[in-house]
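Visitor: I would like to learn how to read helix packing. Please walk me through it.

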Amino acid sequence: MLYTDPAFVHTVQEVLEILGTLAFAISGIRHAAAKHYDWFGGFVCGIAVAIGGGTLRDVMLGTTPFWMTSPLYIVCTMLAQLIVIIFSRSLKRLDNAWLAFDTLGLALFTIAGIQKTLAFDYPFWVAIVMGCMTGAAGGVIRDVLLNKTPVIFKKEIYAMASIAGGGVYWLMMELGVNVGVTVATTFVVVVLIRFLALKYHISLPVLKGEEQ
């Protein structure tokens, strides 16, 4: 298999984690703003969704959580809070702005999770699980803090978009496709699945309880 230059993969991974942190932090802070949390509460929600999934991944991989190796991720969350504060009125007019940032974060962190897991020489099925965890677990933590039902437990397509993206990443790596093309394709697949599922109301079947 062709995994290209390790240094290049590491650089791509860092860029994805930074962009994912910014996107997820904006999403979390927007949710907090909708609940009328104060600035500190907003920052807590932003940092929770931005680093939550990656922290769980790194703990399970037995390595130092990514955000503890550089203050850049904390700075990204601060920048996200500043963006939400300054452009709050503009963002309010964009009803689906939080959805866009959340989806971008999901795609970026899915890829980052897959790449980091592969760097530790785990099999690809583990990498797909870790990619899903990196992309979705932060949102679960955010929703718990906001006293909401986590998105991934609802019928709408969310975690499944991450898993599908992981499958695409695996297939392209098996075919020996350049990592840059693989990353771009996986990103597009995750985003498209998420947006199309929402637009056309595509969802998984709902479990029926006995009382129903």
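Visitor: How do the axes of helix α1 and helix α8 cross, and within what distance do they come?

Guide: Two packed helices are described by the angle between their axes and the distance between the axes. Here the model is predicted: local features need pLDDT of at least 70, side-chain atom pairs count only at pLDDT 80 or more, and totals for chains, interfaces and linings use all residues. Residues are numbered from 1 along each chain as its sequence is written, and side-chain values use heavy atoms, without hydrogens and water. The axes of α1 (residues 6-34) and α8 (residues 179-199) come within 11 Å and cross at roughly 25°. Axes are lines fitted to C-alpha atoms, for helices over the stretch in contact; angles run from 0 to 180 degrees between N-to-C directions. α1 and α8 are therefore roughly parallel (under 35 degrees).

Visitor: Which residues make the contact of α1 with α8?

Guide: Contact means heavy atoms within 4.5 Å. Phe8, Val9, Val12 and Leu16 of α1 meet Val179, Gly180 and Val183 of α8. By class, six are nonpolar, one is polar and none is charged. Gly counts as polar.

Visitor: How do the axes of α2 and α6 cross?

Guide: The axes of α2 (residues 39-61) and α6 (residues 124-145) come within 7 Å and cross at roughly 140°.

Visitor: Which residues of α2 and α6 meet?

Guide: Among them are Val44, Ala48 and Leu56 in α2, and Met130, Ala137 and Ile141 in α6. The contact of α2 with α6 has twelve nonpolar, six polar and two charged residues.

How values were computed: Helix = DSSP H or I, 4+ residues; strand = E, 2+ residues; numbered from the N terminus. Parallel < 35°, antiparallel > 145°, perpendicular 65-115°, else oblique.
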